[in-house]
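Below is a set of questions and answers on one structure, meant to be read beside the sequence and coordinates.

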Amino acid sequence: VACGSVNPITRAQLDYAEEQGFYRIRLTPKQKLEPGYFRTEEGMRAVRKLAGICKEEAQCIVDTNEVSEVPETLEYANQMGISMEEMRVRIVTALGSLLRELLNQGVESTLMITGGDALLGFMNQVGVYEMTPVCEMAPGTVLSQFQINQRICMVISKSGGFGSRELLVELAGQLEKKEEEMMVC
């Protein structure tokens with residue numbers, strides 16, 4: 001799950017999923033706001049570490065939200081002279097860049113991206129401008145597929161305001177069930 005939404009509904013979903021065993025990583029202000037961070041030596045170490053976690057854990061969350069009520073990212077942006085609009089753009093670009101690098105590291109899983117800007121940031125980073133909807137997994141939550149080179153990738157997308165608190169856990173259950181069904185075939 002890659003969260004680019006600050007919507008309280010999505011934040012509650014992430015908190016619940018973490019309580020239910022999803023592994024959660026929160027990006028630091030530097031990771032979110034430094035252009036090209038995930039292509040630096042430090043950034044690539046972080047990508048390799050996260051790729052290892054994603055390969056080990058059944059469900060993993062990469063969260064752009066703050067860990068506490070202290071607006072560390074806003075403070076960092078202010079220190080760097082970054083406007084609110086530029087901050088928003090940099091965060092979704094960084095998230096998209098991180099996801100691209102995770103795919104390059106061989107992470108093979110269904111992605112879930114929350115927030116329309118985050119989805120667009122990812123698509124821009126991987127150079128994909130078309131997706132084919134597969135099905136609606138829940139109201140406002142769509143499973144789509146796209147192709148990068150010869151690889152078919154699956155992505156679930158939703159805007160921040162959709163779904164119950166249990167949505168992420170329920171979606172993970174649906175995906176696990178589908179995976180088991182495919183193994184039987």
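Q: How many disulfides does the structure hold?
A: The model is predicted, so local features need pLDDT of at least 70 and side-chain atom pairs count only at pLDDT 80 or more, while totals for chains, interfaces and linings use all residues. Residues are numbered from 1 along each chain as its sequence is written, and side-chain values use heavy atoms, with hydrogens and water left out. A disulfide is taken as a pair of cysteine sulfur atoms within 2.5 Å. By that criterion the number of disulfides is zero.

Q: Which cysteine sulfur is nearest to that of Cys3, and how far away is it?
A: Cys3 is in no disulfide. Cys3 is also buried, at a relative accessible area of 0%, where buried means under 20%, exposed over 50% and partly exposed in between (1.4 Å probe, protein chains only). The nearest cysteine sulfur is 13 Å away and belongs to Cys60.

Q: Which residue in β7 is the bridge partner of Gln145?
A: Strands β6 (residues 141–148) and β7 (residues 151–158) run antiparallel and are joined by eight bridges. Their hairpin has two residues between the strands, and Asn149 takes a positive phi near 55 degrees there. Within this pair, Gln147 is partnered with Ile152. The partner of Gln145 in β7 is Met154.

Q: Which residue in β6 stands opposite Pro133?
A: β5 and β6 run antiparallel, with five bridges between them. They form a hairpin with two residues between them, and Gly140 in the turn has a positive phi of about 75 degrees. Thr132 has Gln145 as its bridge partner in β6. Opposite Pro133 stands Ser144.

Q: Which residue in β4 is the bridge partner of Ala2?
A: Strand β1 (residues 2–3) pairs with β4 in the parallel sense over two bridges. β4 and β7 also run parallel, joined by four bridges, and Leu111 stands opposite Val155 in β7. The partner of Ala2 in β4 is Ile113.

Q: Which residues point the other way from Leu111 and Ile113 in β4?
A: In a regular strand the side chains alternate between the two faces of the sheet. In β4, Leu111 and Ile113 share one direction, and all four residues concerned are buried. Those pointing the other way are Met112 and Thr114.

Q: Why does the span of helix α5 agree with its number of residues?
A: The expected span of a helix is 1.5 Å times one less than its number of residues. Helix α5 (residues 84–104) has 21 residues, so it should span 30 Å. After α5 comes Gly106, with a positive phi near 90 degrees. The agreement holds because the end C-alpha atoms of α5 are apart by 30 Å.

Q: How far apart in space are Ile61 and Leu119, C-alpha to C-alpha?
A: Ile61 lies in strand β3 and counts as buried at 0% relative accessibility. Its contacts (heavy atoms within 4.5 Å) include Val1, Leu14 and Phe22, leaving out residues up to four places away in sequence. Ile61 and Leu119 are 58 residues apart in sequence, and their C-alpha separation is 15 Å.

Note on methods: Pairing = 2+ DSSP bridges.
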